[in-house]
Amino acid sequence: NLAGSSGQGVYLRGAWLAVMILLNVFGAAAVVGIAIFSALRAARSGKNLGFMWGNLLIGLGFLIISAAGSAARWWPNWEGSFWVTMALGWLVAYGGFRVITRTAEALRKA
């Protein structure tokens with residue numbers, strides 16, 4: 001029943017569900033917090049804002065990815081909500097990676 005689906009309904013309500021939610025929140029906060037910290041550090045240096053924008057996009061991407069499980073609960077009638085949210089988050093994070101990569105390549109050439 002799980003193959004090819006979003007996994008909706010696999011996690012039933014209970015005390016352990018709160019633990020799973022907390023782990024997701026803390027994990028997302030750690031990744032997004034580091035991305036914001038790196039973006040602020042890049043902005044303060046003022047040398048190249050490509051690193052700032054790339055880190056912000058990576059942080060936003062992982063924030064969207066961490067919301068995929070919630071999206072499956074928010075839109076229970078839409079089977080694709082989990083996967084569309086997950087794909088959107090990965091696309092945004094990859095865009096941030098590409099911004100940072102292009103910025104680093106431009107600096108290397110200069």
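In this predicted model, the axes of helix H1 (residues 15-45) and helix H2 (residues 50-66) come within 7 Å. They cross at roughly 170°. The angle is over 145°, so H1 runs roughly antiparallel to H2. On the H1 side, the contact is made by Asn24, Ala28, Val31, Val32, Ala35, Ser38, Ala39, Ala42 and Ala43. H2 contributes Phe51, Met52, Asn55, Leu56, Gly59, Phe62, Leu63 and Ser66. By class, the contact holds 12 nonpolar and 5 polar residues, with no charged ones.

The largest nonpolar core has 5 residues: Ile65, Ala68, Ala72, Phe82 and Met86. Leu88 is located in helix H4 (residues 81-109). Its relative accessible area is 45%, which makes Leu88 partly exposed.

The count of aromatic pairs comes to 3. One of these, Phe62 with Trp90, is edge-to-face, with 5.3 Å between centres and 75° between the planes. Phe62 lies in H2 and Trp90 in H4, so this pair ties together parts 28 residues apart in sequence. Phe62 is partly exposed at 26% relative accessibility. Trp90 is likewise partly exposed, at 46%.

Tyr94 and Phe97 form a tilted pair, 6.1 Å centre to centre with 35° between the planes. Both residues lie in H4, 3 residues apart, about one turn of the helix. Tyr94 is partly exposed at 49% relative accessibility. Phe97 is partly exposed too, at 46%.

Key: Residues numbered from 1 in each chain as written. Predicted model: local features only at pLDDT ≥ 70, side-chain atom pairs only at ≥ 80, totals over all residues. Heavy atoms only, no water. Axes fitted to C-alpha atoms, helices over the stretch in contact; angles between N-to-C directions. Helix = DSSP H or I, 4+ residues; strand = E, 2+ residues; numbered from the N terminus. Parallel < 35°, antiparallel > 145°, perpendicular 65-115°, else oblique. Contact = heavy atoms within 4.5 Å. Nonpolar A, V, L, I, M, F, W, Y, C, P; charged D, E, K, R; others polar. Buried < 20%, exposed > 50% of the residue type's maximum accessible area, 1.4 Å probe, protein only. Core = buried A, V, L, I, M, F, W, Y, C linked by side-chain atoms within 4.5 Å. Phe/Tyr/Trp six-rings, centres within 6.5 Å; stacked < 30°, edge-to-face > 60°.
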